[in-house]
Amino acid sequence: CEIRGGEVAWLEGGPGAGKSVLVDMAIGIDVPTTGAVFIDSASISKAGFSALQQIRRGISLVRDDDRFDLISAVEWMELGLWCAGENREQTHAFAREAVSRSGLRDLSDISFCGLSGGQRAALTLARALARKPHLLLLDWPGLFDFPFPAQLADDFRQFIGDGGAVL
């Protein structure tokens with residue numbers, strides 16, 4: 001499967017078909033037992049640690065994850081940006097802006113798990129887009145079942161229009 005900038009592709013299959021495993025391979029969390037995965041002509045399975053980190057800087061992963069019940073929405077946003085290699089001093093302002101774009105400014109101090117599924121979806125997508133990736137991996141069944149604030153929907157359309165790829 002090849003996905004070019006400005007394209008949206010999707011995977012279909014029942015539970016256990018390997019959709020999440022393929023997404024994990026695309027970001028280097030898992031490696032294939034045969035074959036290879038390439039991102040921008042770089043082999044994920046053969047990349048060393050520093051090369052893999054560099055490749056990952058251009059990828060954002062959106063996955064439904066509710067294990068963060070002890071931190072606020074903005075702290076969850078900061079954690080994701082900081083772990084992705086963003087400048088630690090800039091993450092707070094960057095996170096506040098992304099929370100605002102998600103339409104959740106008034107809820108930024110509420111626990112991430114205290115948010116509804118739709119609010120978590122909006123915040124997760126906003127965090128992924130805030131990193132300005134060239135590849136967006138969506139591993140969240142039903143992500144688009146929720147209505148997104150107009151600004152976030154515009155950001156998503158702009159990402160694709162600017163040549164971003166979505167799987």
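Predicted model: local features only at pLDDT ≥ 70, side-chain atom pairs only at ≥ 80, totals over all residues.
User: Is Gly-58 buried or exposed?

Analyst: Compare the relative accessible area with the cut-off: buried means under 20%. Gly-58 has a relative accessible area of 10%, so it is buried.

User: Where is Leu-107 found, and what is it in contact with?

Analyst: Leu-107 is found in the loop between helix H4 (88-101) and helix H5 (117-130). Leaving aside neighbours within four places in sequence, its contacts are Ala-73, Leu-115 and Gln-119. Partly exposed covers the range between the buried limit of under 20% and the exposed limit of over 50%; with a relative accessible area of 22%, Leu-107 is therefore partly exposed.

User: Now for a helix: which residues of H1 are buried?

Analyst: List the buried residues, then ask what they pack against. In H1, Val-23, Asp-24, Met-25, Ala-26 and Ile-27 are buried. The buried residues of this helix pack against E1, H2, E3 and E4. After H1 comes Gly-28, with a positive phi near 85 degrees.

User: Which value does phi take at Asp-40, a residue other than glycine?

Analyst: Phi of Asp-40 is positive, near 50 degrees, and the residue sits in the loop between E1 and strand E2 (42-43). Ser-41 is also in the loop between E1 and E2, and its phi is positive too, near 65 degrees. Asp-40 counts as exposed at 58% relative accessibility, and Ser-41 is exposed with a relative accessible area of 70%.

User: What volume does the second largest pocket have, and which residues are the closest to its centre?

Analyst: Start with the volume, then go through the lining. The second largest pocket has a volume of about 460 Å³. It is lined by 21 residues, and the closest to the centre are Cys-1, Glu-2, Ile-3, Phe-38 and Ile-39. By type, the lining divides into 14 nonpolar, four polar and three charged residues. Helix H1 (19-27), strand E1 (38-39) and strand E4 (135-139) each supply at least two lining residues, and H1 gives the most, with three.

User: Finally, the whole chain: how many helices and strands does its secondary structure come to?

Analyst: Six helices and five strands, in the pattern α-β-β-α-β-α-α-α-β-α-β along the sequence. For overall form, compare the radius of gyration with what a compact globule would have: near 15 Å for 167 residues, and the chain has 16 Å, which agrees. Its C-alpha atoms fill a box of roughly 45 × 35 × 30 Å along the principal axes. Buried residues make up 40% of the chain, and among contacts between residues at least 6 apart in sequence, 65% join residues at least 24 apart. The accessible surface comes to about 9,500 Å², with 52% belonging to carbon and sulfur atoms.

Note on methods: Residues numbered from 1 in each chain as written. Heavy atoms only, no water. 1 Å grid on protein atoms, 1.4 Å probe; cavity = no way out; pocket = protein on both sides within 12 Å on 5 of 7 lines; lining within 4 Å. Points joined across faces, edges and corners; volume = space filled by probe spheres on them. Helix = DSSP H or I, 4+ residues; strand = E, 2+ residues; numbered from the N terminus. Nonpolar A, V, L, I, M, F, W, Y, C, P; charged D, E, K, R; others polar. Rg over C-alpha atoms; globule rule 2.2 N^0.38 Å. Buried < 20%, exposed > 50% of the residue type's maximum accessible area, 1.4 Å probe, protein only. Contact = heavy atoms within 4.5 Å. Areas by Shrake-Rupley, 256 points an atom, 1.4 Å probe, with all protein chains shown as cover.
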